[in-house]
Amino acid sequence: MQSSLDVRNPATNEVIGTIHNATPDDVDNFVNAAAEILPTWEKTAATKRAVMFVNAASLIRARVEELAVLLTTEQGKPLREARDEILGSAHVFEYYASVCGSIPGDARNLPGYGYLNVVRKPLGVCAAIIPWNMPVMIFAWKAGAALTCGNAVLAKPSKTASLTILKIAEALHEGGFPKEALQIVTGSGGETGAALVSHPDVRHISFTGSVVSGKAVSLLAAPHLKKMTLELGGNDSFIVTKTADIDAAVKAAVRNRFYNCGQVCTSAKRILVDASLADEFVHKAEVMLSGYVVGNGLEKVNMGPLNNANQLALIEAFVEGVLDRDEAQLVYGGKRLEMPGNFYAPTLLKNVSPLAVSEEIFGPVMSVIPFNTPDEALDIANSTQYGLGSSVWTTDIGTARTFAESLKCGVVWVNKHLTLPPEMPFGGVGNSGFGRENGRDFVYEYTEPKSILFG
Ligand code: NAD
């Protein structure tokens, strides 16, 4: 096992840093240190925890430029998006500050039985497994929720996006969180990650990543009966009905689909457009894309590179495959860009066969699928194994309600897509996983009820 791993800038392929490749023995030491602090950490007053979150959030806000540059350099996204993600993480920590001290319980008289008191206890040592696409935000969701409830967290970032998380953790420690209660475990998924999720003293796993890795993690956790949440991929539909404000829909679809180079779990991966509007929609999207500047995220660009060479190869193979099989028509882009780094042109495909996009396409490809009736749109939207998010674009409340009730997924947006406030439960159904993050549901994920019946 290598002792360290290189981190590369996806815009240049240059090595920009190294991370420690934690061994199973390292993981064991981290878990033991976390377990040791639990009895004290669990009893820390909620107001103290809230102050730690507030302190950390203000340090992150003060360092936003430095952190955003680092995030762009290791992940690839444009600086503007990196800044949003850093500030978004501060916002998440402020949200958790606001809910510290309001973990619900129950206390009531049960005539004939006694007096019931239900308290919610922390789970203990929790593992947070984080992907490379929105590393800082996903880290904030998981660490924020677990720490609020009095757990210790061991977060394992992706090997291609660890550096900014290490810096964010520094701010949390400076803000007051004990080092042992929050530890960053860097390394590969197959070795370091596997050692962490299979450690018997890790009692909860919150995993975000691909379906394949999610299944592997489930198998490692099963012998220890660990509690877990799986936030897996998505294949969101973005449904543009006859009554949509088409200009607003096109603008939102393009911005959303090419945000973070299309590498977002709730990206609008399948754009379903009423056939009567499809030509206009495609034309307007093409006009927008023709003004898109692609390049190093540190420069003034609309879109950066894909995060890694593997992802670039997958996207290239997908586009070549659907075009070869006549499952779609190319309108714009459709090629790797001749520059150093993992660059692929923003790509627009029309008349896409729904079957061609039944799997998640995690990159800058907009697939437009025409439909003739609302029922057909619903059938196509629900025809994938995934069920993370979907949006419906309409000015008619009845249409909005019909779609919202019939779409099989964890989140439905109306005239919006991708907005994820920390107050809103987030997660999926089917191959998108189970369990929820954010909202008040985090309390149920990161605590266990303990019933005490007084005679
Ligand atoms: P990935 O599954 O390759 O890796 C995710 C994390 O799991 C990484 O930290 C990796 O090191 C770790 N890992 C991999 N194998 C492991 C194992 N056997 N044991 C323990 N840890 C292991 O995913 P990725 O390529 O980093 O991210 C892209 C995927 O994540 C996409 O499918 C995307 O849709 C999904 N995603 C989902 C959400 C969501 O909330 N639903 C959010 C973001 C990304």
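A: A residue is termed buried when its relative accessible area is under 20%, exposed when it is over 50%, and partly exposed in between (1.4 Å probe, protein chains only). The model is predicted, so that local features require pLDDT of at least 70 and side-chain atom pairs pLDDT 80 or more, whereas totals for chains, interfaces and linings use all residues. Residues are numbered from 1 along each chain as its sequence is written, and side-chain values rest on heavy atoms, without hydrogens or water.

The shell around the ligand holds 27 residues (a heavy atom within 4 Å), of which Ile-130, Ser-210, Ser-213, Leu-232 and Glu-360 come nearest. Helix 7 gives the most, with 3 residues.

A polar atom in the side chain of Lys-156 is 3.0 Å from a ligand oxygen, and a backbone N or O atom of Gly-209 is 3.3 Å from an oxygen atom of the ligand. A ligand nitrogen lies 3.4 Å from a polar backbone atom of Ala-194. On its own the ligand has 850 Å² of accessible area (Shrake-Rupley method, 1.4 Å probe), and the protein covers 88% of that area.

Lys-77, in the loop between helix 3 (64–75) and helix 4 (79–99), is buried because its relative accessibility is 3%. The side chain of Lys-77 is joined to that of Glu-85 by a polar contact of 2.4 Å (N or O atoms within 3.5 Å, one able to donate a hydrogen and the other to accept it; sequence neighbours count only through side-chain atoms). Lys-284, in helix 10 (residues 278–290), has 26% relative accessibility and is therefore partly exposed.

Most residues other than glycine have a negative phi. Asn-415 has a positive phi of about 55°, in the loop between strand 17 (411–414) and strand 18 (429–430). Asn-438 also has a positive phi, of about 70°, and belongs to the loop between strand 19 (433–434) and helix 14 (441–446). Asn-415 is partly exposed at 37% relative accessible area, whereas Asn-438 is buried at 1% relative accessibility.

Terms used: Helices (H or I, at least four residues) and strands (E, at least two) are DSSP runs, numbered from the N terminus.
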